[in-house]
Amino acid sequence: MVSNADLAEAFFQLAESHPPGELRLALLRAAYAVFDNPRELDGVRRLPETVPLEVLPTMAMLRGCRGRDAVAAAAHRLAGPHRLRGSPTREGFLTAAEVSRVVADGGGLDPRHLRGAAHWHTRASDGAATLEAMARACLRRGATWGVVTDHTRGLACVNGLDAEGIELQRRAVASWNRRRGEELWVVQGLEVEILEDGRLDVPRTAREGVLLVAAIHTGLAERRDQTGRLVRALQEPGVWTLAHPRGRLFARRAGIRANWEVVFAAAAEAGVLVEVNGFPRRQDLDPTLIALAGGAGCRFLLASDAHHPRHLAFDATAVALCSQAAISREAIANFGPLDHLAAGRPDLAVP
Ligand SMILES: [Zn+2]
Ligand SMILES: [Zn+2]
């Protein structure tokens with residue numbers, strides 16, 4: 001059979017073999033349509049509607065192949081003027097169909113048992129929905145606690161929260177919890193920037209009563225080693241989770257370089273959770289590094305990194321990545337109750 005992974009990769013390579021233009025764009029759209037389709041297309045009659053019409057003959061030819069080698073050979077015949085080649089920035093990502101299969105196979109981790117929906121954004125920074133709409137969507141997915149983590153206004157996000165915005169959101173969170181906290185308790189978090197020297201872009205006074213999700217969003221394309229920057233950030237007061245540690249982005253960049261054994265040992269030592277970001281274009285960490293972190297004694301936070309209510313389902317991708325790394329549910333904060341957040345943090349006022 002031809003898997004969506006092989007089919008999508010053939011379309012990515014074909015797209016890159018053509019100069020910029022309509023055809024290249026159509027091939028790229030087809031690649032993403034296949035990559036994001038929740039079912040394997042092998043034997044399916046209806047293609048995703050997002051596959052452009054002009055590439056249907058190419059699609060038919062590739063789908064008619066038997067196996068990966070035949071797909072590669074067919075792609076060679078269809079290639080444009082540039083050479084076909086793979087890219088390390090596309091390696092080690094699960095297609096949506098692979099996520100569905102891994103989740104269905106189980107392995108002890110079931111997204112339906114997740115209790116905490118963590119790391120999501122609202123209109124207060126770069127999200128598409130209000131806090132209320134996101135909280136209601138968390139509830140519909142069966143969560144009993146949630147952590148909203150809008151960006152701070154630093155280098156990484158011009159639309160981020162300033163001190164006044166943080167205070168306004170604090171009131172909105174309190175209002176939700178007064179009315180509906182028994183169904184879903186929301187805790188205010190902040191996605192803060194790890195600066196060049198490993199400090200954070202928020203003063204200590206602004207860290208009271210919030211959970212900090214710390215991440216690197218700048219200098220991601222640089223090839224220098226960033227171990228020191230990460231290790232210093234892990235020691236900053238109030239850091240709850242190290243978010244999307246590598247900063248990789250599908251088909252765009254491989255992410256930062258670091259000595260991950262040292263970083264994970266420091267996270268375990270500091271009691272900082274290591275995030276598994278399920279946003280399909282991030283998938284950060286990948287299973288190999290998740291297993292390394294697990295071996296170092298780290299605990300994990302699964303994040304959808306949702307910027308829209310629909311994106312909350314991306315925590316299933318994080319579940320699939322952890323399943324592949326054979327992580328137990330006890331090591332994942334989202335499968336536990338709310339009260340673990342309160343440990344050592346009386347300022348959070350968790351009930
Ligand atoms: Zn981020
Ligand atoms: Zn985020």
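The zinc ion (ligand 2) is held by His 119 (NE2), His 121 (NE2), Glu 191 (OE) and Asp 305 (OD), at 2.1 to 2.2 Å, where donors are N, O and S atoms within 2.8 Å of the metal (3.2 Å for Na, K and Ca), and water is not among the atoms, so sites may look incomplete. This is a predicted model, in which local features need pLDDT of at least 70 and side-chain atom pairs count only at pLDDT 80 or more, while totals for chains, interfaces and linings use all residues. Residues are numbered from 1 along each chain as its sequence is written, chains are lettered from A and ligands numbered from 1 in the order in which they are written, and side-chain values use heavy atoms, with hydrogens and water left out.

**Exercise 1.** Classify the arrangement of the four donor atoms around the zinc ion (ligand 2), and locate Glu 191 and Asp 305 in the chain.

*Solution.* Begin with the angles: the four donor atoms subtend 83 to 170°, and the arrangement is therefore irregular. Four donors count as tetrahedral if all angles lie between 85 and 135 degrees; four count as square planar and six as octahedral if opposite donors are over 155 degrees apart and all others between 65 and 115; anything else is irregular. Next, place the residues: Glu 191 belongs to strand β3 (residues 185–193) and Asp 305 to strand β7 (residues 300–306), so this pair ties together parts that are 114 residues apart in sequence. Helices (H or I, at least four residues) and strands (E, at least two) are DSSP runs, numbered from the N terminus. Finally, Glu 191 is buried, with a relative accessible area of 2%, and Asp 305 is likewise buried at 3%; buried means under 20% relative accessible area, exposed over 50%, and partly exposed in between (1.4 Å probe, protein chains only).

**Exercise 2.** Identify the residues that coordinate the zinc ion (ligand 1), and state which residue bridges the two ions.

*Solution.* The donors of the zinc ion (ligand 1) are Glu 191 (OE), His 217 (NE2) and His 244 (NE2), at 2.0 to 2.2 Å. Glu 191 is the bridge between the zinc ion (ligand 1) and the zinc ion (ligand 2), which lie 3.7 Å apart. The two histidines link distant parts of the chain, since His 217 sits in the loop between β4 (211–215) and α8 (227–234) and His 244 in the loop between β5 (239–242) and α9 (260–270), 27 residues apart. His 217 is partly exposed at 23% relative accessibility, whereas His 244 is buried at 1%.

**Exercise 3.** Describe how α8 and α9 pack, and which residues make the contact.

*Solution.* Two packed helices are described by the angle between their axes and the distance between the axes. Here the axes of α8 and α9 come within 9 Å and cross at roughly 5°, these axes being lines fitted to C-alpha atoms, for helices over the stretch in contact, with angles running from 0 to 180 degrees between N-to-C directions. The helices α8 and α9 are therefore roughly parallel (under 35 degrees; over 145 is roughly antiparallel, 65 to 115 roughly perpendicular and the rest oblique). Thr 227, Leu 230, Val 231 and Leu 234 of α8 meet Trp 260, Val 262, Val 263, Ala 266, Ala 267 and Ala 270 of α9, contact meaning heavy atoms within 4.5 Å.
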